[in-house]
Amino acid sequence: SGFNSIGHMDTMLRGRHHIGHYKEGEEFLHNVFHVLFLLFSGKEKSNLSICWLQYEISKVVQCLQTKKKKKLKAQGRKSKKLAKNLLKAPDNRNHLSLWKLYAYLEWLLGNIDDARKVFDTALCTAGTGGLKSPEICSLSLLYAQLEVELLESLEGAVMSRAVHILTKLAESGPYVPYSGPVLSVNILKARKTYDHALQDYLSKTPVSDQDQISDDNQLVNLVGCYALLQYLTVGIDAAVLIYAQTSEKLEARGPEKCENTGENFGIQNFPTALEAVTLMHTNLLRFHMKISVYPLNPLREALTEALKRYPSNQSLWRSYIHIQRKSHSTSKARRFFDGVTRSTNSLEPWLFAIQAEQMRKKLIENVQRADVGEIHSTIPETGLTNRIVALFEHAIQSENGTHCPLLWRMYLNFLV
C-alpha cells in the first residue's frame, strides 16, 4: 500500500494475519531510543531503559498471544540481548526495577528456573530494606504473583515458594533463596508485621503531592503482598477482607487528586491507589475461580462497582467482558454498558460494548454454521448487526468518539 504504520495495531484482524510490529516502524523506534540514550544521564537514563525494556516485553507478550513459536524464539533472543546490555551499564547495575523486568522477561519466555535465579540474585543484592523499600516490595510482589500463578490448587499452597518470598520480605533481613516450607511461627510473625505496616500507611498524612504518589505506590505493593500471603495461608475470604478494608479507608480519604476523567483525554494518568487495589482484588478473584470452585457473583459485583468509578480502565473492562461471555444474561450487561456510557465522557465503555456485541455475533454465527461445511446459515443474524451499527453511530457522535481514529477504523472494518 506504499506506507507502513509505526508500532502496531493489535485490535484489527486482517484475514488470518494479526497485524504485528512493522519492520520500518521498528527501525524508527530503535533509532529514537539510541539517539535519546546519548542525551540522558543518571535517573532519566535509567527510566528510559525501563521504557525500552517494557516495549520489548510488550512484543514478547504479543508473540505469546498469537502463538507464533518461531517468532517468539527470535524476539526472545533480541529482547534478552537488549536487557543484558542495559543491565551492564554502570548506572543500571543496582537498578531493581530493571532487574525485575529482566526476570519477568525470562519468565514469559518460559525459562522459569533462570527467572528465579534473576529474582533471587536481585533480592539478595538489594539489601535489608524490607517493607520500607518500595523497589524491594514491588520486586517481591511480582515474584510471588508469578509463583502463585503456577499453582494448580490451593492444597499445599502454604508450602509454596511464594509464601517464602512474602515472609522473607516482612522479616527485613537479608534474603535467602527458597530451600523448603516456611515455619508456622514465621508466617504468624509476618502476618503481624504486614498488619502493622498497613495500618501505619493508612493513617499517614503525606506532606507533598510527590510524597503522596510514592506513598500510594508503596501502599498498593503492601496491600498486594499482605493479601497474597493471607490468600495462600488462610484462604480467599481473608484476602478479600484486606482489599475491602483498604478500599474503605482510601474512600474515606475523600476524592483523590489524579482522577482519570474524559477531559484530559489521551493522557494516561497514574492510576490512583484505590484503582490499583481494586484491580488486584478483581484479578485475584478471577485467578481463584480458575483454580477452584467459587461463585461468579462476588467478581461481577466488584467489577461493576469498580467500572462505575473508573470507566476508562481497560483491564477492568476486559475482565468484565470475559465473565459476561460465560453467563447468558445479555440484557443485564447491555443495561450496565448503557448506564456507564451515559454517565461518562470516556470512550472505553463504547469500545468495549461494541467488542462484546461483536463477540456475541461471532459466537452465534459459529453455532449456526456448525457441521454444515461451507453452506452458510440461511437466516442471517440481523438483530445484532443493527445493534452494533447503532452503537458505532452513538459512539461516533460523542465528543471523544469523533476524534478517535481507532473507532472509525473499527466501524469501517465492521461494515466491510
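These legends describe close-up views of a predicted model. Local features need pLDDT of at least 70, side-chain atom pairs count only at pLDDT 80 or more, and totals for chains, interfaces and linings use all residues. Residues are numbered from 1 along each chain as its sequence is written, and side-chain values use heavy atoms, with hydrogens and water left out.

**View 1. W317 and F337 form a stacked aromatic pair.**
Rings of Phe, Tyr and Trp (its six-membered ring) pair if their centres lie within 6.5 Å; planes under 30 degrees apart count as stacked, over 60 as edge-to-face and the rest as tilted. By this rule there are 13 aromatic pairs. In the pair of W317 and F337, the centres are 5.0 Å apart, with 10° between the planes. The pair links distant parts of the chain, 20 residues apart: W317 is in helix α13 (residues 314-326), F337 in helix α14 (residues 330-343). Helices (H or I, at least four residues) are DSSP runs, numbered from the N terminus. W317 is buried at 0% relative accessibility. F337 is buried too, at 8%. Buried means under 20% relative accessible area, exposed over 50%, partly exposed in between (1.4 Å probe, protein chains only).

**View 2. W317 also stacks with F352.**
One aromatic cluster takes in W317, Y320, F336, F337 and F352.

**View 3. K59 and E56 form a salt bridge within helix α2.**
A salt bridge is a side-chain nitrogen of Lys or Arg within 4 Å of a carboxyl oxygen of Asp or Glu. The whole structure holds 13 salt bridges. For K59 and E56, the closest N and O atoms are 3.2 Å apart. Helix α2 spans residues 42-66. K59 is buried, at 5% relative accessibility. E56 is buried as well, with a relative accessible area of 3%.

**View 4. D113, R116, E147 and R161 belong to one salt-bridge network.**
D113 bridges to R116, with the closest N and O atoms 3.7 Å apart. Both lie in helix α5 (residues 112-125), 3 residues apart, about one turn of the helix. D113 is exposed, with a relative accessible area of 53%, whereas R116 is buried at 16%. R161 bridges to E147, with the closest N and O atoms 3.8 Å apart. R161 lies in helix α7 (residues 161-171) and E147 in helix α6 (residues 134-149), so this pair ties together parts that are 14 residues apart in sequence. E147 is buried, with a relative accessible area of 6%. Shared partners join the salt bridges of D113, R116, E147 and R161 into one network.

**View 5. K23, K68, K71 and K78 form a positive surface patch.**
Patches are made of residues with over 30% relative accessible area and no salt bridge; like charges are joined within 9 Å. Lys and Arg count as positive. The place of a Lys charge is taken as NZ. K71 sits in helix α3 (residues 69-88). K71 is partly exposed, at 42% relative accessible area.

Note on methods:
Patches are made of residues with over 30% relative accessible area and no salt bridge: like charges are joined within 9 Å, nonpolar side chains (Val, Leu, Ile, Met, Phe, Trp, Tyr) within 5 Å. Accessible areas come from the Shrake-Rupley method with a 1.4 Å probe; for residues, only the protein chains shown count as cover. Helices (H or I, at least four residues) and strands (E, at least two) are DSSP runs, numbered from the N terminus.
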